[in-house]
Amino acid sequence: MVAPWAFRTRTQLSAARERQLLADARADMAAHLHDSVLQTLALIQRQADDPKSVAALARKQERELRQWLYGETRDAGTFRSAITAAASDIEDERGVPIDVVVVGEDVAMDGALDAMVRAAREAMLNAAKHSDAARVDVYAEVTEGSVETFVRDRGEGFDPDTVDESRLGIRGSIVDRMARYGGTAHIRSAPGEGTEIRLEMLR
């Protein structure tokens with residue numbers, strides 16, 4: 001006699017907990033939509049005559065919503081979050097879309113990886129400022145033996161052999177920075193063919 005009653009009670013309690021969790025999730029979603037998405041839509045309406053600003057607002061809201069939905073954070077304690085945060089900052093600053101893909105295991109940041117992220121950030125900034133490309137692509141891969149990051153654009157390109165030694169953005173902030181931490185930086189570009197910067201750091 002007691003067993004069926006206990007089973008029904010446990011089932012009812014479990015259903016009640018599920019209903020409460022669902023209600024809490026809906027409340028969180030409603031609050032987030034009010035705090036961020038609806039405010040962004042209002043900004044977009046006010047700036048409807050400025051396509052560049054509208055696109056930038058939409059991209060920023062897309063990133064924030066994805067981070068919220070999937071539990072992603074801007075904590076720069078790992079390589080994935082650090083490279084993503086760098087790309088987001090440049091995109092917000094320059095208004096050029098930057099698409100980031102990171103594959104492989106996520107790893108904790110150290111001095112060498114910090115140098116790589118800073119070099120990649122400079123490469124993204126240069127592409128956003130000088131390439132006149134519609135967007136910048138960043139691909140990073142973490143393996144047991146190394147970490148590689150590629151920053152590509154399909155913009156104007158340039159001749160690397162003609163870059164003045166005083167151009168610290170390329171020499172000091174990318175090539176020399178990687179070398180100081182035991183890494184390498186390879187620049188492949190040509191006028192009219194875009195640019196690819198490949199960064200590699202052995203683990």
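Strand 2 is mostly covered, with five of its seven residues buried. Buried here means under 20% relative accessible area, exposed means over 50%, and partly exposed is what lies in between, with a 1.4 Å probe and protein chains only. Strands (E, at least two residues) and helices (H or I, at least four) are DSSP runs, numbered from the N terminus.

Before going on, the ground rules. This is a predicted model, in which local features need pLDDT of at least 70 and side-chain atom pairs count only at pLDDT 80 or more, while totals for chains, interfaces and linings use all residues. Residues are numbered from 1 along each chain as its sequence is written, and side-chain values use heavy atoms, with hydrogens and water left out.

Now the overall picture. The protein chain has five helices and five strands, and along the sequence they follow the pattern α-α-α-β-α-β-β-α-β-β. Of the 203 residues in the protein chain, 33% are buried. The accessible surface is about 12500 Å², and carbon and sulfur atoms account for 53% of that; these areas come from the Shrake-Rupley method with a 1.4 Å probe, and for residues only the protein chains shown count as cover. Take the contacts between residues at least 6 apart in sequence: 67% of them join residues at least 24 apart. Contact means heavy atoms within 4.5 Å.

In what order do the five strands lie? The order is 1-2-3-5-4, in an open sheet with mixed pairing. At the edges are strand 1 (98-104) and strand 4 (184-189), each pairing on one side only. Neighbouring strands are turned by 10 degrees against each other on average, direction ignored. For such angles, axes are lines fitted to C-alpha atoms, for helices over the stretch in contact, and the angles run from 0 to 180 degrees between N-to-C directions. Two strands count as paired if DSSP finds at least two bridges between them.

Going through the pairs, strand 1 and strand 2 run parallel and are joined by seven bridges; Gly-104 has Val-142 in strand 2 as its bridge partner. Strand 2 (residues 136-142) and strand 3 (residues 146-153) are antiparallel, again over seven bridges, and a hairpin of three residues joins them. In that pairing, Val-136 is bridged to Asp-153 in strand 3. Helix 3 (residues 79-94) packs on the sheet and touches strand 1, strand 2 and strand 3, with its direction at about 175 degrees to that of strand 1. Strand 3 itself is mostly covered, with seven of its eight residues buried.

How many aromatic pairs does the structure hold? The count is one. Its members are Tyr-139 and Phe-150, and the pair is tilted because the ring centres are 6.3 Å apart and the planes are at 40 degrees. The criterion covers rings of Phe, Tyr and Trp (its six-membered ring) with centres within 6.5 Å; planes under 30 degrees apart are stacked, over 60 edge-to-face, and the rest tilted. Tyr-139 sits in strand 2 and Phe-150 in strand 3, 11 residues apart. Tyr-139 is partly exposed at 27% relative accessibility, whereas Phe-150 is buried at 13%.

Then the core. A nonpolar core is a set of buried Ala, Val, Leu, Ile, Met, Phe, Trp, Tyr and Cys residues joined through side-chain atoms within 4.5 Å. The largest one has 35 residues, and Phe-79, Met-124 and Leu-199 touch the most other members. At least two residues each come from helix 3, strand 1, helix 4, strand 2, strand 3, helix 5 and strand 5. Helix 4 gives the largest share, 11 residues. Beyond its neighbours within four places in sequence, Leu-199 has contacts that include Met-116, Ala-119, Val-147, Ile-174 and Met-178.

Ala-123 is in helix 4 and is buried, at 3% relative accessibility. Setting aside residues up to four places away in sequence, Ala-123 touches Val-151, Ile-174 and Ile-197.

Last, helix 5 (residues 171-180). Its buried residues include Ser-173 and Arg-177, along with Ile-174, Val-175 and Met-178. Among the elements covering them are helix 4 (111-130), strand 4 and strand 5 (195-202). After helix 5 comes Gly-182, with a positive phi near 85 degrees.
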